[in-house]
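Please look over the chain below. The report that follows takes it region by region.

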Amino acid sequence: MTVDQTNRILLILFAASIAVGWICFDERLSRLGDNAEFIVISKGLATGHGMSFVHGPEPEPARKFPPGYPAILAVTQLFTTNNVNLMKSISVFFFALLIPLTWLVVREIDDELTAYIVAVASLLSPHLIEFSHQVLSEVPYAAVSMAGILYLIRWRSTTDIRSLAILVCLAVAAYYIRTIGLTVIGALVCTQFLDRRFKIGFLVGTAAAILILPWVLHSSAY
C-alpha cells in the first residue's frame, strides 16, 4: 500500500469518526460525577488557581486526577466559560484520532483486513461512542496511549535519542491524562528489558520517573 493510499484511508476513518461523533452527540452531562469535577478543575486552571476546585467559597486543592486532561479543557475555558458542548467536542476529536490510530496499530501486527475489521468495530462500538461525547478522560487517554503503542511497535529497536525521547514523552503524556498511564510507561520499559536492551530500559525508565515525579509527589496527599 502506498503512502497516498494509507493517508486516504486514515482521512476516511477520521472523517467517519467525526460523523459518528456528531450523529451520536449528546449535549447532556453524564451522571458520573467525574465530568463535573473535570469542568471545575479546568476553570481553576484557567483562572490561575491551579489544580483546584473553585466551586466553593475558597479554592481547594484537587489531587485526585492528573493535570493533563483538565489542562486540555482549560484551553476551552479561555474562549468561553464552562461551554460543555465545546468540552465534549474535545472528546469527539480524540475519538476521531483513536480510530485511525487503531487501524495503524493493528496493521503493524496483523494484516490489513484485520485492521479494517478492528477499526470499524471500534468506530461502531456503543461503549466507545458513549464515551466519545463525555467530559471524561477515557477517550483522550485511549488515543494518546494508542499513539504511544504505535510508536513503540515501530521504534522498539531504536537507539536514536530523539525517537526514545518521543517514546518517553508519549508514555508520560498518557500518565498525565490518566493515572493508569503508568501501564504505558511499564510497557515501554518492559519491552526494552525483554529485548535485553537493559541500558535503554533503565534510561527510558529513569527519564519517565523524573518526568512523573512532580505529580506523584503533589498527589501523594490524596
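Arg-196 is exposed, with a relative accessible area of 64%; exposed means over 50%, buried under 20%, and partly exposed in between, using a 1.4 Å probe and protein chains only. Arg-196 sits in the loop between helix 9 and helix 10 (198-219). Helices here are DSSP runs of H or I of at least four residues, strands are runs of E of at least two, and both are numbered from the N terminus. Arg-196 is not a glycine, yet has a positive phi of about 60°.

This is a predicted model, in which local features need pLDDT of at least 70 and side-chain atom pairs count only at pLDDT 80 or more, while totals for chains, interfaces and linings use all residues. Residues are numbered from 1 along each chain as its sequence is written, and side-chain values use heavy atoms, with hydrogens and water left out.

Asn-82 is another non-glycine residue with a positive phi, of about 55°. Asn-82 belongs to the loop between helix 3 (68-79) and helix 4. Its relative accessible area is 33%, so Asn-82 is partly exposed. Most residues other than glycine have a negative phi.

How far apart are the end C-alpha atoms of helix 4 (residues 84-109)? They are 38 Å apart, which agrees with the 38 Å that its 26 residues should span at 1.5 Å a residue. The expected span is 1.5 Å times one less than the number of residues.

A side-chain oxygen of Asn-83 marks the start of helix 4, reaching to within 3.3 Å of the backbone nitrogen of Asn-85. A polar contact is a pair of N or O atoms within 3.5 Å; within protein, one must be able to donate a hydrogen and the other to accept it, and residues adjacent in sequence count only if both atoms are side-chain atoms.

## Buried positions

Ser-17 is part of helix 1 (residues 3-23). Ser-17 counts as buried because its relative accessibility is 0%. Beyond its neighbours within four places in sequence, Ser-17 is in contact with Phe-95, Ala-96, Ile-99 and Leu-123. Contact means heavy atoms within 4.5 Å.

His-133 is in the loop between helix 6 (126-131) and helix 7. Its relative accessible area is 3%, so His-133 is buried. A polar atom of the His-133 side chain lies 3.3 Å from the backbone oxygen of Cys-24. Not counting residues up to four places away in sequence, His-133 touches Cys-24, Phe-25, Asp-26, Lys-88, Ser-91 and Val-92.

Phe-65 lies in the loop between strand 2 (60-61) and helix 3. At 10% relative accessibility, Phe-65 is buried. Residues up to four places away in sequence aside, Phe-65 touches Asp-34, Glu-37, Phe-38, Ile-41, Met-51 and Trp-215. Lys-43 is 22 residues from Phe-65 in sequence, and their C-alpha atoms are 14 Å apart in space.

Which residues of helix 3 are buried? They are Gly-68, Tyr-69, Pro-70, Leu-73, Ala-74, Thr-76 and Gln-77. These buried residues pack against helix 2 (34-46), helix 4, helix 7 and helix 8.

## Helix 8 against helix 9

The axes of helix 8 (residues 161-177) and helix 9 (residues 182-194) come within 7 Å and cross at roughly 155°. Helix 8 is therefore roughly antiparallel to helix 9. Axes are lines fitted to C-alpha atoms, for helices over the stretch in contact, and angles run from 0 to 180 degrees between N-to-C directions. Angles over 145 degrees count as roughly antiparallel, under 35 as roughly parallel, 65 to 115 as roughly perpendicular and the rest as oblique.

Helix 8 contributes Leu-167, Val-168, Ala-171, Val-172, Ala-174 and Tyr-175 to the contact, and helix 9 contributes Leu-182, Val-184, Ile-185 and Leu-188. By class, this contact has 10 nonpolar, no polar and no charged residues. Ala, Val, Leu, Ile, Met, Phe, Trp, Tyr, Cys and Pro count as nonpolar, Asp, Glu, Lys and Arg as charged, and the others, Gly among them, as polar.

Ile-153 is found in helix 7 (residues 138-155). Ile-153 is partly exposed, at 29% relative accessibility. Leaving out residues up to four places away in sequence, Ile-153 touches Val-105, Glu-108 and Ile-109. Ile-153 and Val-105 are 48 residues apart in sequence, with 8.0 Å between their C-alpha atoms.

Lys-199 is in helix 10. At 73% relative accessibility, Lys-199 is exposed.
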